[in-house]
Amino acid sequence: MKDDFVSKNISEDLLDLHLNTCLNSSNVCVCERCRADIRALALNAMQPHYVVTELGDAYVRLEAMTTQSQADIITAIIQAINIVKQNPRHDQ
């Protein structure tokens with residue numbers, strides 16, 4: 001039996017937990033393009049957390065529950081929102 005090990009960036013899941021709340025409380029376009037741009041910019045600003053095992057996943061998620069970690073995620077999202085708001089890549 002062969003085990004298939006797949007790496008996953010948990011930072012994507014952690015960002016997605018806060019993205020909608022941040023978007024709803026901002027005055028930014030939420031079309032698919034702007035949302036994707038915000039997500040990409042925020043992820044690029046965040047430290048990646050790749051895991052392969054369930055134990056690694058649990059450890060990273062537990063670490064991300066700290067107030068500082070959540071503040072870092074929200075800060076990355078808000079900065080990305082501000083960039084996209086000032087420079088949307090579509091017609092108004």
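The model is predicted, so local features are considered at pLDDT of at least 70 and side-chain atom pairs at pLDDT 80 or more, whereas totals for chains, interfaces and linings use all residues. Residues are numbered from 1 along each chain as its sequence is written, and side-chain values rest on heavy atoms, with hydrogens and water left out.

Across the whole structure, seven salt bridges were found, a salt bridge being a side-chain nitrogen of Lys or Arg within 4 Å of a carboxyl oxygen of Asp or Glu. Side chains of opposite charge can pair when their charged atoms come close. Arg39 takes part in a salt bridge with Glu12, in which the closest N and O atoms are 3.4 Å apart. Because Arg39 lies in helix 2 and Glu12 in helix 1, this pair ties together parts that are 27 residues apart in sequence; helices are DSSP runs (H or I, at least four residues), numbered from the N terminus. Arg39 also forms a salt bridge with Asp16, with the closest N and O atoms at 2.9 Å, and this pair likewise links distant parts of the chain, Arg39 in helix 2 and Asp16 in helix 1, 23 residues apart. Arg39 is partly exposed at 24% relative accessibility, as are Glu12 at 29% and Asp16 at 35%, where partly exposed denotes the range between buried (under 20% relative accessible area) and exposed (over 50%), computed with a 1.4 Å probe on protein chains only.

A further salt bridge joins the side chains of Asp13 and Lys8 (3.3 Å, N to O). Asp13 has a relative accessible area of 22% and is therefore partly exposed, and Lys8, at 36%, falls in the partly exposed class as well. Through salt bridges that share partners, Lys8, Asp13, Asp57 and Arg61 are joined into one network.

In contrast to these residues, Asp37 in helix 2 (residues 32-45) counts as buried because its relative accessibility is 12%. Apart from neighbours within four places in sequence, Asp37 is in contact (heavy atoms within 4.5 Å) with Val84 and Arg89.

With a disulfide taken as a pair of cysteine sulfur atoms within 2.5 Å, the count comes to zero. Cys22 is in no disulfide, the nearest cysteine sulfur, that of Cys34, being 16 Å away; Cys22 is buried, with 8% relative accessibility. The sulfur of Cys31 lies 3.6 Å from its closest cysteine sulfur, in Cys29, and this is too far for a bond. Cys31 is partly exposed, at a relative accessible area of 29%.

The largest pocket holds about 240 Å³ of space. On a 1 Å grid over the protein atoms alone, a pocket is an open set of points where a 1.4 Å probe fits, with protein on both sides within 12 Å along at least five of seven lines, and lining residues have an atom within 4 Å of a point. Its lining comprises 14 residues, of which Gln47, His49, Ser69, Asp72 and Ile73 lie nearest the centre. Helix 1 (10-24), helix 3 (54-63) and helix 4 (67-86) each contribute at least two residues to this lining, and helix 4 supplies the largest share, five residues. By residue class, the lining divides into seven nonpolar, five polar and two charged residues, with Ala, Val, Leu, Ile, Met, Phe, Trp, Tyr, Cys and Pro counted as nonpolar, Asp, Glu, Lys and Arg as charged, and the others, Gly among them, as polar.

Key: Grid points are joined across faces, edges and corners, and a volume is the space filled by probe spheres set on the points.
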